[in-house]
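Dear colleague,

I am handing over the structure we spoke about, and below it you will find a description of what turned up when I went through it. Please read the text with the structure open beside you.

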Amino acid sequence: MDIESGSYQNIVKKDSWRTVLTLAYQSLGVVYGDLSTSPLYVYKSTFAEDIHHSDSNDEIFGVLSFIFWTITLVPLFKYVFIVLRADDNGEGGTFALYSLLCRHARVNSLPSCQLADEQLIEYNGSSEMMMTRSGFAARLKCALEKHRVLQKVLLVLALIGTCMVIGDGVLTPAISVFSAVSGVELSTAKEHHKYIEVPAACIILIGLFALQHYGTHRVGFLFAPVILLWLMCISAIGVYNILHWNPHVYQALSPYYMYKFLKKTQSRGWMSLGGILLCITGSEAMFADLGHFSQLSIQIAFTSLVYPSLILAYMGQAAYLSQHHATGSEYNIGFYVSVPEKLRWPVLVIAILAAVVGSQAIITGTFSIIKQCSALGCFPKVKIVHTSSKIHGQIYIPEINWILMILCLAVTIGFRDTRRLGNASGLAVITVMLVTTCLMSLVIVLCWHKNILFAIAFVVFFGTIESLYFSASLIKFLEGAWVPIALSLSFLAVMCTWHYGTLKRYEFDVQNKVSVNWLLSLGQTLGIKRVRGIGLIHTELVSGVPAIFSHFVTNLPAFHQVLVFLCVKSVPVPHVRPEERFLVGRVGPKQFRMYRCIVRYGYRDVHKDDIEFEGDLVCSIAEFVRSEAETAVVETNGEDERMSVVGTCSTYMQGIEDHDGNDLDDPGTSEIPSPKAKKKNKSKVKKRVRFVVPETPKIEKETREELMELTEAREGGVAYIMGNAYMRAKHGSGLVKRLAINVGYEFLRRNTRGPRTALTSPYASTIEVGMIYHV
């Protein structure tokens, strides 16, 4: 299975109805797990403290009306009909919106951007991007390009939304599992259930996080059936309660009941909106998980099944509560009290399974968004394990997994009730939605080229609704809402510190890079002995010679016969096509055997392992040499380097092919052993990747020798030379800068993965060159 090809196939989805309906079914388990389990705790959180259920039913009908219109306006109108259209080449989420804005406004948080990156197929997207802008859109674009303060504000806004998503990854499993387990309260003696709920929830959470390294694909086939069963269950119970207890409950869907509710409860009703807000928790997942499905499939699943099931469930609970006004215990407003007594235990089991599925989706989403942050230089390097060779989005990050588990257990044990968990979760959810609203208003103007009035109407309408809920959640700061704020500030400090340190490190590299002319003045041998093999000098620079190389050659008297200045970088697109993966150029004259190779990845691309990467890298250089001979490129001796776009081995139509080991004596060819052959059984026929040199026109002898030398160097082995920079703030720097660089960045650098993580290079072949950077 070619992971790289498979990942790109997730973008270009077929439009057949069978495919769309299959994706809609599969999206139930991945996208809607969190949203579908919200009936477990919405009413209980709403009536926990601020308002009480009275005989007049004004409160319960008012809450139902708020729930109905909130679900209708935010998930249905905002996300399903508007936000889902703002995809970044099929990808969604906060960083997808930020990436989209960066490309259209030519704003980039990545320092190593090149004009060649703008030639990528997915960078341009469509011809609309190249349209001439006029009026407000042009002025806004110029302002973003000109003022770095606005660029930083845009980045911080995206990071705040990202940090709140991570905080939601802590709070959602806690409240979902705890609310599902709380069903035991109706079957145990008074107060005894508290001694069961917390331990049971903690055991389930520990098991959930402990099984993450197996990947969701092993049990993923159960996700959609579980959520489908859960939706059918709550909708059937809702219909039963409506018909049995109050068939006229549908009248409460009128907005008039919201007015009556606020008129009667006043400030207490406004404060209770923090509980009502939980009915839309998980709505952001529709947009964030867009890359795994399609826009139409998510729309079909929500409008045809999820939306009506949730409305029936909430109406059924309201119908039951409208005929039961006893308030002798706290859990008389909960979900399970409206479930027929004979069905409570089966429903409890289904609810726990649905809560686990919903938690799994948000945990996987947290892994994915941290991977995106790391790719765009806003999070320290972490170990990323791909748990599925078929679905590129299923990843596992060990360090983040255990941090999430510890925080999730701490929140569950510390709060021990749905009310404070709901206050915390609600603030995280609504903050992400506010960030999405702000970014979407810019997308409407800059990317969709709509009139400014559309953007203003979008912000005013949805921003007013979300600001109302945000204020109601923020007022509960001391009652649990401080948790997402504390978590987001902690992660935001880490992200900003790492991003600042990364920029300073790149600036130092640029200012201290060695001139290519100095390198060429050393002569063909570079003043040292050239030994057999390939030396990969890893650098963040896209031009020039890194300082670590001069530091290395002044301390060691030998280097490899083939030198490759390798830059692995991310570009602000979700995926880079295999045929556009490599940019290859020559450093100096041909006889120096020095090349520059820039490997470009999107923020959702899968990085190949070291063996496969080495094979693709050497193949791309050989293809460059072969194509250069055919096109007769003029040789350059100075700083000017000509770069050519070269794809991976699988994209070559000619020049490099797979051949059996039996035809190795064909004339006019050079060969390199395929890295895949090392993994195969020795009894099988060994296959080789061969550089086929065309017979006509005759290839030059010099080019043939270069290909043969590349073959010989590959057989001699590959060594990875990487810089290990120790950052220090310059003398005279301010206190904030010294704390950020000397303390914050250095602490993160020492306790996270090094540059070897980006290449997954083997330890035995890695050489680290230590340097002190005074920035």
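**What the model shows**

Residues 24 or more positions apart account for 84% of the contacts in the chain with a separation of 6 or more. Please keep in mind throughout that this is a predicted model. The chain has 775 residues, of which 58% count as buried, and it contains 27 helices and 12 strands. Its accessible surface comes to about 31900 Å², and carbon and sulfur atoms contribute 61% of that area.

Seven strands form an open sheet with mixed pairing, in the order 7-5-6-4-3-11-12. Strand 7 (643–646) and strand 12 (766–774) stand at the edges and have a single partner strand each, so one side of each is left without a neighbour in the sheet. From one strand to the next, the twist averages 25 degrees. Within this sheet, strand 4 (residues 558–571) and strand 6 (residues 594–602) run parallel and are joined by nine bridges, and Ser570 stands opposite Tyr601 in strand 6.

Turning to the helices, helix 21 (residues 482–511) packs against helix 26 at an angle of about 100 degrees, with the axes 9 Å apart; because angles of 65 to 115 degrees count as roughly perpendicular, the two helices are described as roughly perpendicular to each other. On the side of helix 21, the residues that meet helix 26 include Val494, Trp498 and Arg505, while those of helix 26 include Lys737, Ile741 and Tyr745. The residues of this contact divide into seven nonpolar, four polar and three charged.

Two individual residues may also interest you. Lys730 is placed in the loop between strand 11 (718–728) and helix 26 (735–750), and with 44% relative accessibility it counts as partly exposed. Leaving aside residues up to four places away in sequence, Lys730 touches His774 and Val775, and its C-alpha atom is separated by 9.8 Å from that of Ile741, which is 11 residues apart from it along the chain.

Glu706, in helix 25 (residues 701–716), has a relative accessible area of 2%, and Glu706 is therefore classed as buried, since the cut-off for that class is under 20%. With residues up to four places away in sequence again left out, Glu706 touches Arg586, Lys590, Arg593, Tyr595 and Val625.

Key
Residues numbered from 1 in each chain as written. Predicted model: local features only at pLDDT ≥ 70, side-chain atom pairs only at ≥ 80, totals over all residues. Heavy atoms only, no water. Helix = DSSP H or I, 4+ residues; strand = E, 2+ residues; numbered from the N terminus. Buried < 20%, exposed > 50% of the residue type's maximum accessible area, 1.4 Å probe, protein only. Contact = heavy atoms within 4.5 Å. Areas by Shrake-Rupley, 256 points an atom, 1.4 Å probe, with all protein chains shown as cover. Axes fitted to C-alpha atoms, helices over the stretch in contact; angles between N-to-C directions. Parallel < 35°, antiparallel > 145°, perpendicular 65-115°, else oblique. Nonpolar A, V, L, I, M, F, W, Y, C, P; charged D, E, K, R; others polar. Pairing = 2+ DSSP bridges.
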